[in-house]
Amino acid sequence: MSAADEPVRFDPSDFGAIPSSRALRSWMRRTRRQHADRSFWEIFEDAYLVLFTLAMVGATGGNVVRHLNSNAATCTSWTCGQLTSWLPWIVIPLLLATTIRVLLAVGPVSASRATGFWLLATPVNRASLLRPAYRLVIASVTVIGVVTGAVIWALLGEPWFDVIEAAVLIGAVLVCAAAATVWAQQTTRRSRWALRVSDVLLLAAVIPAVILAFRPGEDRFGNQVLGSTFIGLDARHELVDTYGYPTLQFGEVRDAGGLTSGQLYLLVLCAAAVVVGAALTFVASRTLDRLGRVSVIAGGELLAGLAGAASSLDISMLGDVIAGRHWRLKGRVRSRRGRGADGAAIVHREFRRILRWPRRIAVAFGLLVVPYAVHGAGFHVLVPIAAAIAGFIAVRPMLDGLRTACRSTGLVRALGWDLRELRVVMAVVPGLFTIVWAACAFPAIGSAASSFAVAAAVISGTVRHASARPPSYAGPLVTSPMGAIPPGLFSQPARGFDLLVLCLAPVLFNLSSLWVVVIPSVVLMLMFAVRPKTA
Amino acid sequence: MSKKAAPRLAVTDLQHKYGDRPVIEGLTFTVRAGQAIALVGPNGAGKTTVLKCIVGAAEPAAGKILLDGLPIDERAEAVRRDVATLLDDLDFFPDLTAAEHLDLLARAHGNSSPEDLVDTTLHDIGLLPAADQLPGSLSSGQRRRLALATALVRPRKLMVLDEPEARLDTGGVQWLSDRLVEEKKSGTAILFASHDPALVETVADSVVTLTPLP
């Protein structure tokens, strides 16, 4: 009998020292290179294309921001002053809350299922294995924080030194938040607390937004665009003097070095934030071995799902992945009996379904701040479009049921309804909510006809968005630098927003009230009359 | 000679192609009320495709499919009302429990008080302990049972089932077999594809064997 025929016996002496994660990663890299099916030049071409695109987008975006910065800097009106003084107190908590929520949803430290199964289950140092993912999270958060901070402050017309300071400060604060979420990821109890903190931060962002939205102002109804130049008091000083409210706008007292006292104060704050951020990053990186495999893999799976959705440019699918995860984690809820039969039963079930996730309803009503804030800031022309976009974000999650139905022919068949009728019935509750929402936004929007147009834009846009079928790779494909893609891929992100803009066109073009009512009505009727195509 | 009932489903000279490749050619059979026909054959023989053509999920290249003497159209109200299907394209609402799915389906078909029907079906199919579970937390076998239950809480004259025994445990297959026999007795016509010889033998009155075309 040859050796190959003998049973394999476990022999501890076959196993030597546990390799370091660095050695393991380097071995994996080597193996992958051996399996690579693309030449160096092919990779170089792709990298070149990406870099070139980034440079083009960066240059164009930078130019636009620079132009808007110089325009905004000329605005010295009361409303501009209000906006620049209050915005930091809205933006910073909002960014922090969003960062904590998003990071906890994806981990923040994540690994693929394969890594979780093949590597994290071995005795190889887990902290070292996870450190590259951790560094990537910190780097991404830093870049996002810095860019977001820089863009927002530049758009407010701040001097470039202030813009840089604000960017660094926000970047550092977000890094602190990222490090804190890594610590929170280590136990479920900490994660729950972190989510509560993010809720408090969200509330903290809403309060100044509400104050800004409802604050009476002398110029509110006159100032229409940011670029307008008004002669008046610098409200930044007035705000501090009158209300004693601390702001991230600073006085004009200059020290010997040419910096204002405010800039100096912000510089110290930046330095402190950077030091704290660096310290927290270091401390959190020492605790990576305490991360559980399940939490790390769950984030990896979510990221893989999101990457799949992003590759098909399907924004709805991103929402589906997050909602799907939410319900999977929930697992079990108390069943509620329905009421009535036929269409009434479906309407009732949709109502109950929407109530099942109260946070979404709270967020939907919270988004009412947007039209009021835009109105309060004096951008009256933009109020309908801002209201429609906020309404779209508020109402779209309520149509998840319709989306599920439109993506499953089997479900539609089981329900025994024609999809066109089903779409009408499933849109009843979100439609009623839209009417209530638009009515609440009416004082900001200003006219009944425009409010109707906003409501019609929201409902037609969201229903079209929810009932869009996914791009099909089974049909004819067109060649592109990204490979073969279905023809409908690039129209996917615009689906729904096209009808939204169409409904609002008469408002934006300042047409008569008749057109403002007639055009959205026709769009609504046509949209509900056309049978949606199923997946 | 007893007078035979008119066929509930009549398939005549059905043809289907994927691209240029024919997968079904000249398939003819009928299913009468209270009768069960099994489609058998190896993977790739076209069993699921036949079922998809019948429920309108695939377009036949040629041939006629009649339901109660009328050309079948998945948009027609009669088809939506009378044909209960179980194919692999059934998805669930992620935020509705197993019980709520059945409650919704029964009500959507006009049953205004389906509580007893839902409870009985959940019990029969072994899903009563999972009644409050959301689909994402059900095992694949439980999801299959729930899918099967969706065909049982609605009115039906014809059942079109694709491998209904898939992912069921031994007890589940036995229950399914008994249930389909009961369905036949109540006058429902059944067309099902299966790889389970025992199920086919117990339930089917006739067997249509499909072979992969070259």
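P108(A) is located in the loop that connects α3 (78-106) and α4 (113-118) of chain A, helices here being DSSP runs of H or I with at least four residues and strands runs of E with at least two, numbered from the N terminus. The peptide bond between G107(A) and P108(A) is cis, with omega about 5°. The model is predicted: local features need pLDDT of at least 70, side-chain atom pairs count only at pLDDT 80 or more, and totals for chains, interfaces and linings use all residues. Residues are numbered from 1 along each chain as its sequence is written, while chains are lettered from A and ligands numbered from 1 in the order in which they are written.

Further along chain A, helix α21 (residues 497-508) contains the buried residues L499(A), L500(A), C503(A), L504(A), P506(A) and V507(A). These residues span an arc of only 140° around the axis, which places them on the same side of α21(A); the arc is taken from the directions from the helix axis to the C-beta atoms. A residue is termed buried if 20 or more other C-beta atoms lie within 10 Å of its own, exposed if 12 or fewer, and partly exposed in between, with C-beta atoms placed from the backbone. The cover over the buried residues of α21(A) includes α15 (383-395), α20 (448-466) and α22 (513-529) of chain A, where contact requires C-beta atoms, placed from the backbone, to lie within 7 Å. N510(A) is exposed, having 9 other C-beta atoms within 10 Å.

In chain B, residues 9-213 carry the UniProt annotation "domain: ABC transporter" from an unreviewed entry; UniProt positions follow the numbering used here, feature names are shortened, and annotations may be inferred rather than shown by experiment. The end C-alpha atoms of this span lie 24 Å apart, and the span is 34% helix and 26% strand.

Strand β3 (residues 36-40) of chain B has four of its five residues buried, so this strand is largely enclosed by the rest of the structure. Four bridges link β3(B) in parallel to strand β8 (residues 189-193) of chain B, with A38(B) opposite F192(B); strands count as paired if DSSP finds at least two bridges between them. Strand β9 (residues 206-209) of chain B is likewise joined to β3(B) by four bridges in the parallel sense, and I37(B) stands opposite S206(B).

An open sheet of four strands in chain B has the order β2-β1-β4-β5, with antiparallel pairing. At its edges stand β2 (21-32) and β5 (70-71) of chain B, each with a single partner strand, so one side of each lacks a neighbour in the sheet. Strand β4 (residues 62-67) of chain B pairs with β5(B) over two bridges, and L66(B) stands opposite P71(B). Helix α1 (residues 47-55) of chain B packs on this sheet, touching β1 (7-18), β2 and β4 of chain B.

E163(B), in the loop between β7 (158-162) and α6 (170-185) of chain B, has a positive phi near 45°. With 21 C-beta neighbours inside 10 Å, E163(B) is buried.

Between the chains, 35 residues of chain B contact 34 residues of chain A. On the side of chain B that touches chain A, α2 (77-82) and α3 (98-108) of chain B each supply at least two residues, and α3(B) gives the most, with seven residues.

Methods: Two residues are in contact if their C-beta atoms, placed from the backbone, lie within 7 Å. Axes are lines fitted to C-alpha atoms, for helices over the stretch in contact, and angles run from 0 to 180 degrees between N-to-C directions.
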